[in-house]
Amino acid sequence: MTVVNEGAAAIASLIATNYQVIAIGDGADSTSASQTGLNNFTFQKTGQTPTVVGSTLIYNVDFTGAQIPSSGVSELGIFANGTTNGNGTLLSRVTFTNTGVVASGDTVSFTIRVEVDN
């Protein structure tokens with residue numbers, strides 16, 4: 001059975017309502033489907049409501065250098081509401097080239113797109 005476009009858009013809206021925590025860390029291994037958290041959580045932001053376009057969720061989140069450890073960050077995860085210190089239900093995780101040291105007054109901006117496929 002195939003999820004139709006309208007159903008995929010409805011699922012995206014449910015995700016948008018229930019997954020509004022963005023966490024960062026400095027882990028670097030590849031993500032597995034059985035993963036339940038970040039490798040090394042460092043900071044999180046709550047109330048990050050994505051824009052929903054059809055069946056795509058678009059999260060825009062900023063972290064200041066004061067929120068990023070001196071080790072930099074190299075992983076990001078989207079978690080369910082109620083997540084504390086990176087402990088919650090993980091929706092998705094991505095790794096990337098480490099940011100390195102970020103000056104406390106600087107900002108690193110992330111745009112994350114999650115597609116609900118049909």
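Author: Let us begin with contact, which means heavy atoms within 4.5 Å. The model before us is predicted. Take Ser74, in the loop between β4 and β5. Leaving aside residues up to four places away in sequence, Ser74 touches Gly25, Asp26, Gly27 and Ala28, and also Val94, Thr95, Phe96 and Asn98.

Reader: Is Ser74 buried or exposed?

Author: Buried means under 20% relative accessible area. Ser74 has a relative accessibility of 3%, and therefore counts as buried. Its side chain reaches the backbone oxygen of Asp26 at 3.3 Å. Asp26 is also among the residues that Ser74 touches.

Reader: Which strands pair with β1?

Author: Pairing is read from the bridges between strands. β1 pairs with β5 in the antiparallel sense over five bridges, and with β2 (residues 41-45), also antiparallel, over four bridges. Ile24 illustrates both pairings: its bridge partner in β5 is Leu76, while in β2 it is Phe43.

Reader: What is the order of the strands in the open sheet of three?

Author: The order is β3-β4-β7, with antiparallel pairing. β3 (51-53) and β7 are the edge strands, each pairing on one side only. Neighbouring strands of this sheet are turned by 20° against each other on average, direction ignored. Between β3 and β4 there are three bridges; Thr51, for instance, has Ile58 of β4 as its bridge partner.

Reader: Where does α1 lie relative to these strands?

Author: α1 lies across β3 and β4, and runs at about 25° to β4.

Reader: How is a nonpolar core to be read, and which residues of the largest one touch the most other members?

Author: One looks for buried nonpolar residues joined through side-chain atoms within 4.5 Å. The largest core here has 22 residues, of which Leu57, Tyr59, Phe110 and Ile112 touch the most other members. The elements that give two or more residues to this core are α1 (5-18), β1 (21-25), β4 (56-64), β5 (75-79) and β7 (107-115). Another core, of five residues, lies apart from it; Val21, Ala23, Leu38 and Phe79 are among its members.

Reader: What does Ile112 touch?

Author: With residues up to four places away in sequence not counted, Ile112 touches Leu57, Ile58, Tyr59, Val61, Leu76 and Ile78.

Reader: Let us close with Val108. Why does Val108 count as buried, and what does Val108 touch?

Author: Val108 lies in strand β7. It is buried because its relative accessible area is 16%, and the cut-off is under 20%. Val108 touches Val61, Asp62, Phe63, Ile68 and Val102, not counting residues up to four places away in sequence. Val108 and Gly65 are 43 residues apart along the chain, and their C-alpha atoms are separated by 7.4 Å.

Methods
Residues are numbered from 1 along each chain as its sequence is written. This is a predicted model: local features need pLDDT of at least 70, side-chain atom pairs count only at pLDDT 80 or more; totals for chains, interfaces and linings use all residues. Side-chain values use heavy atoms; hydrogens and water are left out. Buried means under 20% relative accessible area, exposed over 50%, partly exposed in between (1.4 Å probe, protein chains only). A polar contact is a pair of N or O atoms within 3.5 Å; within protein, one must be able to donate a hydrogen and the other to accept it, and residues adjacent in sequence count only if both atoms are side-chain atoms. Two strands pair if DSSP finds at least two bridges between them. Axes are lines fitted to C-alpha atoms, for helices over the stretch in contact, and angles run from 0 to 180 degrees between N-to-C directions.
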